[in-house]
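This report walks through one protein structure, topic by topic, for a reader who is new to the subject. Please keep the sequence and the model at hand while reading.

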Amino acid sequence: MTPQHLVLVGHGMVGQRFLEALAEHSQGTPWRITVLAEEPRPAYDRVHLTSWFSGTGADELSLCSAGFLDGLRDAGHSLELCLGDPATAVDRSARTVATRSGRSIGYDVLVLATGSYPFVPPIPGHDAEGCHVYRTIEDLEAIRDRAAGASVGAVVGGGLLGLEAAGALRALGLETHVVEFAPRLMALQVDQGGGEMLRRKIEELDVVVHTGAATERIDTGPDGSARTMTLSDGTVLDVGLVVFSAGIRPRDQLARDCGLPVGERGGIVVDQHCRTADPHVRAIGECALAVDGRVYGLVAPGYAMAEAAAKDLSGGLGSFTGADTSTKLKLLGVDVASFGDAHGSGAGALDVVYTSGRSGIYRKLVVGPDGRLLGGVLVGDTESYDVLRPLALSGAALPASPEQLVLPAGLGAPIGPLALPDQAVVCSCHNVTKAVIAGAVRDGGCGTVPEVKKCTRAGTGCGSCVKLVENIVKEELAAAGVEVEQGLCEHFAHTRTELYEIVRVKGISSFSRLLDEHGSGEGCEVCKPVAASILASLDRGHILDGEQGALQDTNDHHLGNLQRNGSYSVVPRIPGGEITPDGLITIGEIARDFGLYTKITGGQRIDLLGARVDQLPLIWTRLVDAGFESGHAYGKALRTVKSCVGETWCRYGVQDSVALAIELELRYRGLRAPHKLKSAVSGCARECAEAQSKDFGIIATAEGWNLYVGGNGGMTPRHAELLAKDLDHDTLIRTIDRFLMFYIRTADRLERTAPWLARLEGGLDHLRAVLLEDSLGICADLDELMARHVETYQDEWAATLADPERLSRFVSFANAPGTPDPTVRFVPERDQIRPARPDEDGHALPSAATTAPLIAGASLEVRTR
């Protein structure tokens, strides 16, 4: 039988999903497929398009692998992928498609997946040089190139894509404005309260928001480039770059030209099977007007339409009558989600609202007259979205009162997968219910999340449901009596503890090798920092060298603690809080010359705040020259060993607590761990150093030292437990060595010593047996690991200053390395500085060029207004 010829016009995310679904459902019925793609590359992930600005390459965004194309051919289908050759006309009577290159291609079935185009308001100057849209990789390349010569950018549109574009401009170093005609940001997704909280959090990032304002015109300079933007409220913005993100319109011109019916406001009219008025033509995705009268601009409905069309063409029962438009994403670092009837438009709907201006959290649940959840809006805390959304869509009874469920994570009633009914849709991208996922585990033999994803496609779309999928899988395995794998993430089936042992035993020195030999995929924000921490704790090279530099958490990227306004803190190590007058003078001079805010911390150190990233090497050059080292305030490492003055000065002291604190801090400095480590030494039982609230604390006795472990302050304070008493000096050091290395080897990611000890099987008694009696036979190994750390320690900042390649990362803007970030602003307060709020006029700190001569001894006076 001669295969039917199918022509697919458009190869975006929906077009690619259609091909996948067709291959899946048409087994035994081969197709001859021609794909006409407008862009010069195959389908790629537009949902995560903004990640291109942070280094994600086009290949990584690609959705069409060579393996997929080979699989189509292996299944008997033939496929011709025509890149950069879009369809220009359709002759329905002859059943042919004309292309830009002049080809005429016949078809038995035509599938239109032409997507949409960005709406650009027809205002004067909209087509000036410097005006862009935000749709393709080529658009992003043009925006990046334009940003290199601009200082101010504006985004027209405050919706999902508009805020993503604003984040991109901010990352490119531009002063950024968002102009939104509606009275609030994300007007379709969030309510007034959520919009106000979102605006506040975004403005804290120095993005200027203009709501309730339209763009009236863009005026150009002599060279024809955008120069100013005038708003309807009279505001005039000086701009060098404008991005239009004011919504989309369906690309239905091909259908219009060949006489297919379209909606009054656009969109190719289709039935529930995605058939047009012509039985030989289908339309799917953003170009189609669905039976419910909507054009969907989200990927999940597009995928559902692709699935329906593919099933229908394969003789199945595919249909599309509407879709869930719930949204969860992170915009400019702000978590935002909405689901169900977020605006409470249903009859008798009631709102249950929690808001905290201090925490930047807004949570609203919409409840029906019968007490069932209808929808909600979450800003600043979206932890419970994965469960709340399916609950709302399923109409199931709530597992707790709405007043409890609306509270943020840690305050309200905990809810998990058990609360979901089987019919709850977990993955809206592929319409996968909890029952399907549970069935894949119970009856389909799937025992891991990757297996479930492959079997059900759940979690393979936007990815927002992966955590819930993982929890359902674990729940089903546990119910079946199967030992649940506690893999670190979807890329590693091993726990952090197991990965530590793998790296240590096999001598692995790179994340790439670890991933190739023991993982899968590309890695993620969970496993990359964990691997970086493990490699650092085993002295596998400087944390900023080569591949390791890209694995680090935000603070480690620049060896400094990132502050709320984009500046950094500088914390030199001051062991035991003991510092010479010369050291104090050096710190004071640096703070004065760079205009920094200074504060004595609770850990007996001096914190210098307000440094720009480009100033950090200049500051640390002077600190290192004066004998200071990194205090690791930015890292998951030892912070400080606090101490009282001990017997040297205090009449109650029974041991030299200062000397011991200094010895311990110098011994364990730079020791990388799953979480930060704090310690203290008290010279007597009066406990002035608060040793019993630390990860490991020491209290002097007349006979020696008592060692306490597993304490911490914070939100869930925990008193440390007495591990051993009256230890002599050498035994104390050896026991602490073993405690720290055992913790580093066996703790989970981001687990402090307190919860680690609480979950340790056998608890404190087991820990004593391991460390003091060598019950596991590993003490020699623990001793050797600590000895290696002490012998190989090097100060991270001193090593960074000696390496030009490492220093190259310390710039505000990669495309303008000599330019300081103008959005890092301060105002005077109590004779020092603090970060300026969005509504305040602030000043910038001196630039790197201004401060550079200070190293040679020049003076500088910083004045504040």
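## The second largest pocket

The second largest pocket has a volume of about 550 Å³. On a 1 Å grid over the protein atoms alone, a pocket is an open set of points with protein on both sides within 12 Å along at least five of seven lines, whereas a cavity is a set of points where a 1.4 Å probe fits but cannot get out; lining residues have an atom within 4 Å of a point. Grid points are joined across faces, edges and corners, and a volume is the space filled by probe spheres set on the points. This is a predicted model, in which local features need pLDDT of at least 70 and side-chain atom pairs count only at pLDDT 80 or more, while totals for chains, interfaces and linings use all residues. Residues are numbered from 1 along each chain as its sequence is written, and side-chain values use heavy atoms, with hydrogens and water left out.

The lining of the second largest pocket consists of 28 residues, and those nearest its centre are Ala-304, Glu-307, His-430, Asn-431 and Val-432. Helix H1 (13–25), helix H8 (299–313) and helix H12 (449–456) each give at least two residues to this lining, with the largest share, seven residues, coming from H8. Helices (H or I, at least four residues) and strands (E, at least two) are DSSP runs, numbered from the N terminus. By class, the lining of the second largest pocket has 13 nonpolar, eight polar and seven charged residues; here Ala, Val, Leu, Ile, Met, Phe, Trp, Tyr, Cys and Pro count as nonpolar, Asp, Glu, Lys and Arg as charged, and the others, Gly among them, as polar.

## The largest cavity

How many cavities of 30 Å³ or more does a search of the whole structure find? The search finds one, and the largest cavity has a volume of about 40 Å³. Among the residues that line the largest cavity are Leu-559, Asn-561, Trp-620, His-632 and Tyr-634. The lining of the largest cavity divides into six nonpolar, six polar and no charged residues.

## Nonpolar cores

In soluble globular proteins, nonpolar side chains tend to be buried together. A nonpolar core is a set of buried Ala, Val, Leu, Ile, Met, Phe, Trp, Tyr and Cys residues joined through side-chain atoms within 4.5 Å, where buried means under 20% relative accessible area, exposed over 50%, and partly exposed in between (1.4 Å probe, protein chains only). The largest nonpolar core has 61 residues, and Ile-698 and Leu-767 have the most contacts inside it. Helix H21 (residues 729–746) supplies the largest share of this core, nine residues. Apart from it lies another core, of 50 residues, including Val-14, Leu-72, Leu-110 and Cys-287.

Contact means heavy atoms within 4.5 Å. Leaving aside neighbours within four places in sequence, Ile-698 is in contact with residues that include Leu-660, Trp-705, Asn-706, Leu-732 and Ile-736. Asn-706 has its place in strand E35 (residues 705–709), and Asn-706 is buried, with a relative accessible area of 12%.

## Helix H14 and its cover

Which residues of helix H14 (residues 496–506) are buried? They are Arg-496, Thr-497, Leu-499, Tyr-500, Ile-502 and Val-503. Their cover includes helix H15 (511–518), helix H16 (527–537), H21 and helix H24 (779–792). After H14 comes Gly-507, whose phi is positive, near 65 degrees.

## Cysteines

A disulfide is a pair of cysteine sulfur atoms within 2.5 Å, and a search of the whole structure finds zero disulfides. For Cys-524, which is in no disulfide, the nearest cysteine sulfur is that of Cys-489, 3.7 Å away. Cys-524 counts as buried because its relative accessibility is 16%.

Arg-457 is not a glycine, yet it has a positive phi of about 75 degrees. Arg-457 is found in the loop between H12 and helix H13 (466–479), and at 23% relative accessibility Arg-457 counts as partly exposed.

Asp-831, also a residue other than glycine, has a positive phi near 65 degrees. Asp-831 lies in the loop between strand E37 (826–829) and strand E38 (832–835), and Asp-831 counts as exposed because its relative accessibility is 84%.
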